[in-house]
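This report walks through one protein model, from overall fold to individual side chains. Keep the sequence and the 3D view open while reading.

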Amino acid sequence: MRIKTAANRVVIDRNQIINNAVVERNLHGVVVSVFPLSVCCFEPASTVFYNGVITSEIERDAVEGDYLPDLVVRPLECGYGGRLLLWQGLSVEEMVVEKRTVCTVL
């Protein structure tokens, strides 16, 4: 069994961002793959798609004006076993933390 979570954008690291991507984790919460939805012929109904940005954990509190990719210190890649964060209430194009931005642990 695998858990698939998707969002408008997934930040791998400060230099790599995937649009409309899926993060697939095993039952232990370890990332087994990250891929764009465009490579899929279909996606299972169990995949949860969020309107927002997914990142790996960050080491400090985000403040208004922070650029999300600059906060990522551990790449979101196969083998990553930390928490996934969902950022909502911000422009998914600009990815800058706003006053209304909410961060949720997935």
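A residue is called buried under 20% relative accessible area, exposed over 50%, and partly exposed in between (1.4 Å probe, protein chains only). By that rule, T101 is buried, because its relative accessibility is 17%.

## Basis of the model

The model is predicted: local features need pLDDT of at least 70, side-chain atom pairs count only at pLDDT 80 or more, and totals for chains, interfaces and linings use all residues. Residues are numbered from 1 along each chain as its sequence is written, and side-chain values use heavy atoms, with hydrogens and water left out.

## Overall fold

The protein chain has 1 helix and 6 strands. Helices (H or I, at least four residues) and strands (E, at least two) are DSSP runs, numbered from the N terminus. Their order along the sequence is β-β-β-β-α-β-β. The chain is as compact as a globular protein of its length, because its radius of gyration is 13 Å, close to the 13 Å that the globule rule gives for 106 residues. That radius is taken over C-alpha atoms, and the globule rule is 2.2 Å times the number of residues to the power 0.38.

The C-alpha trace spans about 35 × 25 × 25 Å along its principal axes. Of the 106 residues, 42% are buried. Contact means heavy atoms within 4.5 Å. Among contacts between residues at least 6 apart in sequence, 54% join residues at least 24 apart. The accessible surface comes to about 6000 Å², and carbon and sulfur atoms account for 50% of that surface. Accessible areas come from the Shrake-Rupley method with a 1.4 Å probe; for residues, only the protein chains shown count as cover.

## Salt bridges

How many salt bridges does a search of the whole structure find? The search finds 6. The term means a side-chain nitrogen of Lys or Arg within 4 Å of a carboxyl oxygen of Asp or Glu. One of them pairs E93 with R9, and their closest N and O atoms are 3.8 Å apart. This pair links distant parts of the chain: E93 is in the loop between β5 (84–88) and β6 (102–105), R9 is in strand β1 (residues 2–13), and 84 residues separate them. E93 is exposed at 58% relative accessibility. R9 is buried at 13%.

Another salt bridge joins R83 and E57, with closest N and O atoms 3.2 Å apart. It also links distant parts of the chain: R83 sits in the loop between α1 (68–71) and β5, E57 in the loop between β4 (48–56) and α1, 26 residues apart. R83 is partly exposed, with a relative accessible area of 45%. E57 is partly exposed too, at 29%. E98 and R100 form a further salt bridge, at 2.9 Å from N to O. E98 is partly exposed at 26%, while R100 is exposed at 56%.

## The loop between β5 and β6

T101 lies in the loop between β5 and β6. A polar atom of the T101 side chain is 2.8 Å from the backbone nitrogen of E98. This is a polar contact: a pair of N or O atoms within 3.5 Å, where within protein one must be able to donate a hydrogen and the other to accept it, and residues adjacent in sequence count only if both atoms are side-chain atoms. Beyond four places in sequence, T101 touches W87, Q88, G89, L90 and V96.

V97 is in the loop between β5 and β6. Is V97 buried or exposed? V97 is buried, because its relative accessibility is 7%. Leaving aside neighbours within four places in sequence, its contacts are A62, V63, E64, G65, D66, L68 and W87. V97 and E57 are 40 residues apart in sequence and 15 Å apart in space, C-alpha to C-alpha.

## Cysteines and L37

The structure holds 0 disulfides, a disulfide being a pair of cysteine sulfur atoms within 2.5 Å. C78 is exposed, with a relative accessible area of 52%. C103 is partly exposed at 38%.

L37 lies in the loop between β3 (31–36) and β4. At 25% relative accessibility, L37 is partly exposed. L37 and V22 are 15 residues apart in sequence, and their C-alpha atoms are 6.5 Å apart in space.
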